[in-house]
Each structure stands twice: as structure tokens, then as C-alpha cells.
Amino acid sequence: MAWRQIPTTTRSLPFTNPSPALGFFRFFSKSAASPYLAKVGIPEFLNGIGKGVETHVAKLESEIGDLQKLLITRTLKLKKLGIPCQHRKLILNYAHKYRLGLWKPRAQPVKAQPVKA
């Protein structure tokens, strides 16, 4: 009997956008100052990776040249240059993330001078 009492026509409510004051957009806000480097070369890229990979800057700059060639370099080429396996894996992993736009090397933060009293 309860089914017969449900009206057959349903009224649709108009769609309203949620207010930004409710906090729906807080995850999409961008700060004015970007903590990322504007120009990225091989030294900045390897320093951004860290973990000892930055020791190969001179070798990669002399053999490969620029960052765009490093981003398409294969593991065999890095192995012939004498880069250890763990560093090769890190370089290739971060190169893939950089190509996809998922990672960028951060700018080096400026260390604050201690205040003397």
C-alpha cells in the first residue's frame, strides 16, 4: 500500500554550485611564490633527486649535454657511463615523472641567518 502513495512525478531541484566559503576549493589554491625552479638543467635535476645522484653531474653534462637528452636516455647508456644501478634507477624514475609533469626539482631554500641577541 505504501507504494501507491508515492507520487509518480518527481520534481527536480535546480543545481547550485557549492560556495567557496564552505571549504570545497581549499585544496586547489596556489600560492603566489612558486617553490620550483623556472629553468631546469642537468645539475638542478640531479640535485633535486638527491641521494648521491648529484655526484654524476660533470659526467652526464659532458657526455649527454642537456636535460632533454637525459630525459630520453636509456639505462644501457647510463650503464656505459659508469653510473651505479641504484642511481640509474633513480635518474630514470625521476625522468619519467618529470616528463609526465608529476615532479619538478624544488628550489634550494635560503637558510635563515641566526639572530644574535
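This is a predicted model: local features need pLDDT of at least 70, side-chain atom pairs count only at pLDDT 80 or more; totals for chains, interfaces and linings use all residues.
View 1. Residues are numbered from 1 along each chain as its sequence is written, and side-chain values use heavy atoms, with hydrogens and water left out. Read from the N terminus, the elements run α-α-α-α-α, where helices (H or I, at least four residues) and strands (E, at least two) are DSSP runs, numbered from the N terminus. Of the 117 residues in the protein chain, 23% are buried, a term that stands for under 20% relative accessible area, with exposed meaning over 50% and partly exposed lying in between (1.4 Å probe, protein chains only). Among contacts (heavy atoms within 4.5 Å) with a separation of 6 or more, residues 24 or more positions apart account for 54%.

**View 2. Helix α5, residues 85-100, and its buried face**. The 16 residues of α5 reach 23 Å from the first C-alpha to the last, close to the 22 Å expected at 1.5 Å a residue, the expected span being 1.5 Å times one less than the number of residues. Buried in this helix are H87, R88, L90, I91, Y94 and A95. Seen down the axis of α5, these buried residues fall within an arc of 160°, so they line one face of the helix; the arc is that of the directions from the helix axis to the C-beta atoms. Their cover includes α1 (42-49), α2 (57-63), α3 (67-71) and α4 (75-80). Just after α5, G101 takes a positive phi of about 85°.

**View 3. H87 in helix α5**. H87 is buried, with a relative accessible area of 16%. When residues up to four places away in sequence are not counted, H87 touches K51, G52, V53 and H56.

**View 4. Helix α1 and its buried residues**. I42, F45, L46 and I49 are the buried residues of α1, and they cover an arc of only 90° around the axis, which puts them on the same side of the helix. What covers them includes α2, α3 and α5. G50 follows α1 and has a positive phi, near 75°.

**View 5. The packing of α1 with α5**. Two packed helices are described by the angle between their axes and the distance between the axes. For α1 and α5, the axes come within 11 Å and cross at roughly 110°, which makes α1 roughly perpendicular to α5. Axes are lines fitted to C-alpha atoms, for helices over the stretch in contact, and angles run from 0 to 180 degrees between N-to-C directions; angles under 35 degrees count as roughly parallel, over 145 as roughly antiparallel, 65 to 115 as roughly perpendicular and the rest as oblique. On the α1 side, F45, L46 and I49 meet L90, I91, Y94, A95 and Y98 of α5.

**View 6. L60 in helix α2**. L60 is buried, with a relative accessible area of 0%. Not counting residues up to four places away in sequence, L60 touches I42, L46, G65, L70, L78, L81, I83 and I91. The C-alpha atoms of L60 and L46 are separated by 9.8 Å, the two residues being 14 residues apart along the chain.
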